[in-house]
Amino acid sequence: MTHPAVHGQLPQDAPQQMPGVSLPGSGGDAASGRPVPTDGVRATSWRKAAVIAAAGVPVGLLWWILAPSGLNLLSGDPELRSGGNTEGWLPRDLVLAGLFLLAGCISGAVASGSKHVPPSGRDVVLAVGAGALGALAAWGTGVLCGLWWGTPEDTSASASIAFSLRSLAVLAIWPAATALTIFLNTVFTTPTPTPTPTPEDGPGA
């Protein structure tokens, strides 16, 4: 004799997981305690990368304000205001190199995630690529500031007389510093272990 169906399921009627089949949210990364990527996490990674790349504009403006051949606020030497003074060419590059080093360290710290959620390989690639774009944006912004607000000078003798970057290798400092900061943060940050429930622990443990 069969009993009529009643509202609700008895515990024995609950669906059982078949061997080799993972139910949503019950296996794989979720069971092992590893974070499962979500659309929100991906969107956050892209937002961080966009902020890092956009930071190149204020960095370039700061380069123009501080460096020789620009406003030259860092040295304060009036003789270095002119791009025709070759003694200002190297400090001009060094100012940008220092700004890139600082920006790269900050970018790496932003992209490093947290102690509980370390950055993925995709996050590292996005951050390093954004650092490279930020370096290019800073370079272009500084050069444009020199063209718009700088004193017109005769650059027939050398293109370096205008506000510019002589050593293009400086552009690699920002992405390199970003990658190094992420690496050091990963090495020296100890992740918090996730406690594993034991058979002695009750369902509410």
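1. Ser69 sits in the loop between H3 and H4. The model is a predicted one, and in it Ser69 has a positive phi of about 75 degrees, although this residue is not a glycine. Ser69 is also buried, with a relative accessible area of 10%; the cut-off for that word is under 20%.

2. Asn72 belongs to the loop between H3 and H4 as well. Its phi is positive too, about 60 degrees, and Asn72 is not a glycine. With a relative accessible area of 2%, Asn72 is buried. A positive phi is also found at Gly113, the residue given as following H4, where the value is near 75 degrees.

3. Which residues of helix H3 are buried? Helix H3 covers residues 56-66, and its buried residues are Gly56, Val59, Gly60, Trp63 and Trp64. Viewed down the axis of H3, these buried residues fall within an arc of 140 degrees, so they line one face of the helix. To check this on the model, look along H3 from one end and find where the buried residues point.

4. Next come the aromatic rings. The whole structure contains 4 aromatic pairs. One of them joins Trp63 and Phe163: the centres are 4.5 Å apart, the planes are at 50 degrees, and the pair is tilted. This pair links distant parts of the chain, since Trp63 is in helix H3 while Phe163 is in the loop between H5 and helix H6 (173-188), 100 residues apart. Trp63 is buried, with a relative accessible area of 0%. Phe163 is buried as well, at 6%.

5. How far apart are the ring centres of Trp64 and Phe163, and at what angle are their planes? The centres are 5.3 Å apart and the planes are at 85 degrees, so this pair is edge-to-face; planes over 60 degrees apart count as such. Again the pair links distant parts of the chain, with Trp64 in helix H3 and Phe163 in the loop between H5 and H6, 99 residues apart. Trp64 has 4% relative accessibility and counts as buried. Trp63, Trp64 and Phe163 together form one aromatic cluster.

6. H5 has 29 residues, and the distance from its first C-alpha to its last is 42 Å, close to the 42 Å expected at 1.5 Å a residue. The buried residues of H5 are Asp123, Leu126, Ala127, Ala130, Gly131, Gly134, Ala135, Ala138, Thr141, Gly142, Cys145 and Gly146.

7. Ala103 lies in helix H4. At 10% relative accessibility, Ala103 counts as buried. Between Ala103 and Ala177 there are 74 residues of separation in sequence, and 8.2 Å in space from C-alpha to C-alpha.

8. Val170 is placed in the loop between H5 and H6. Its relative accessible area is 8%, and Val170 is therefore buried. The C-alpha atoms of Val170 and Leu101 are separated by 9.6 Å, and the two residues are 69 residues apart along the chain.

Note on methods. Residues numbered from 1 in each chain as written. Predicted model: local features only at pLDDT ≥ 70, side-chain atom pairs only at ≥ 80, totals over all residues. Heavy atoms only, no water. Buried < 20%, exposed > 50% of the residue type's maximum accessible area, 1.4 Å probe, protein only. Helix = DSSP H or I, 4+ residues; strand = E, 2+ residues; numbered from the N terminus. Arc of directions from axis to C-beta. Phe/Tyr/Trp six-rings, centres within 6.5 Å; stacked < 30°, edge-to-face > 60°. Expected span 1.5 Å × (residues − 1).
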